[in-house]
Amino acid sequence: MDICSMETPIIGMAHLPPLPGAPGFDGDRRALRERVRRDATALESGGVDGIMLENFGDAPFYPDRVPHHVVSDVTALAATLREEVAVPFGVNILRNDVQSALGIAAATGGEFVRVNVHTGARLTDQGLIEGLAHETLRLRDQLDADVAILADIDVKHSAPLTERAHGEVVSELVERGGADGVVVSGAGTGEAVDTTVLDQVVQARDELGLDAPVLIGSGVTPETAPELLSIADGAIVGTALKQQGETTNPVDEAAVMRLVEAVPQ
């Protein structure tokens, strides 16, 4: 089932540890595969509607295209994930390599990708990152890939070059950029979203008459889920689903169940 057509989808994060070539890689590829298997199984058993595979451990991140070996390793791990679960899964290649994410998803049966900067530009710790919607949409057509594009607005760990009305940005992401969904997150990993901003984005989407879900991209917990998901259409959740609430820890199936049970019906 298309993640964008689901009612209140919860997408759980499968954060990858450092991959080969990254500063923190420990030399054990088998451990990477086992981590993906365990996390994916715990997420699915806990009741999520989808899983997002992300090279979270590869900091410091490349600002644009990642090396070929990163694409190869994530592709192998995505194939491992696909073997383990039946729920839809997607790919996010940090910091902004949606072209590689699209290729990986298309090759392994992924159904969606997340792109941090799809249109416009943002200042980040990797420098200035510019959106490549013109390349992304054409590549998706060339690959004949039925892969949804979930695009961030005011992505975390970044700053705008100039302040703009949310209605303008939403219009550009969806109408001009071709995004299938909009992601609203807090200032950093695991940080709560500003409900005022969330309200404005949802209102802008509705006033424009756009058929694109608004997903929360960070900071959702069992305690905040009822309120936030009465406004947004769904959420991408990572930190709250981990052991001891630490983003880099393995997934805690009991924590997944608590979050899923808190989602308003």
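Here are some notes on salt bridges, helix packing and backbone details in this predicted model.

1. Let's start with the charged pairs. The model has 13 salt bridges in total. Arg 37 takes part in one with Glu 34, where the closest N and O atoms sit 2.7 Å apart. Both residues belong to helix H1, which covers residues 29–46, and because they are three residues apart there, about one helical turn separates them.

2. Arg 37 has another partner, Glu 84, with 3.4 Å between the closest N and O atoms. This pair ties together distant parts of the chain, since Arg 37 is in helix H1 and Glu 84 is in helix H2 (residues 68–84), 47 residues apart. Glu 84 is also partly exposed, with a relative accessible area of 32%.

3. Now for a pair elsewhere in the chain. Arg 122 and Asp 154 form a salt bridge with their closest N and O atoms 2.7 Å apart. Distant parts of the chain are linked here too: Arg 122 comes from strand E5 (residues 121–124), while Asp 154 is in the loop between strand E7 (148–153) and strand E8 (158–160), 32 residues apart. Arg 122 counts as buried because its relative accessibility is 9%, under the 20% cut-off. Asp 154, on the other hand, is partly exposed at 33%.

4. Next, the packing of H2 on helix H3 (residues 98–108). Their axes are 9 Å apart and the angle is about 35°; the crossing is right-handed. On the H2 side the contact uses Val 71, Val 74, Thr 75, Ala 78, Ala 79 and Arg 82, and these meet Ser 100, Ile 104 and Thr 108 of H3. By class, that gives five nonpolar residues, three polar and one charged.

5. Helix H5 (residues 166–176) also packs against helix H6 (residues 195–208), with an angle of about 55° and axes 9 Å apart. That angle makes H5 oblique to H6. This crossing is right-handed. H5 brings His 166, Gly 167, Val 170, Ser 171 and Glu 175 to the contact, and H6 brings Val 197, Gln 200, Val 201, Ala 204, Arg 205 and Leu 208. The contact of H5 with H6 contains five nonpolar, four polar and two charged residues.

6. Two cis peptide bonds deserve a look. One runs from Ala 59 to Pro 60, with omega near 0°, and Pro 60 is in the loop between strand E2 (50–54) and H2. Another runs from Leu 94 to Arg 95, with omega near 15°; Arg 95 is in the loop between strand E3 (89–92) and H3.

7. Thr 8 has phi near 50° and is placed in the segment before strand E1 (10–15). With 16% relative accessibility, Thr 8 counts as buried. Gln 244, not a glycine either, has a positive phi of about 60°. Gln 244 is in the loop between strand E11 (234–237) and helix H8 (253–262), and is exposed, with a relative accessible area of 66%.

Terms used:
Residues numbered from 1 in each chain as written. Predicted model: local features only at pLDDT ≥ 70, side-chain atom pairs only at ≥ 80, totals over all residues. Heavy atoms only, no water. Salt bridge = Lys/Arg side-chain N within 4 Å of Asp/Glu carboxyl O. Helix = DSSP H or I, 4+ residues; strand = E, 2+ residues; numbered from the N terminus. Buried < 20%, exposed > 50% of the residue type's maximum accessible area, 1.4 Å probe, protein only. Axes fitted to C-alpha atoms, helices over the stretch in contact; angles between N-to-C directions. Left-handed = near helix turned anticlockwise from the far one by under 90°. Contact = heavy atoms within 4.5 Å. Nonpolar A, V, L, I, M, F, W, Y, C, P; charged D, E, K, R; others polar. Parallel < 35°, antiparallel > 145°, perpendicular 65-115°, else oblique.
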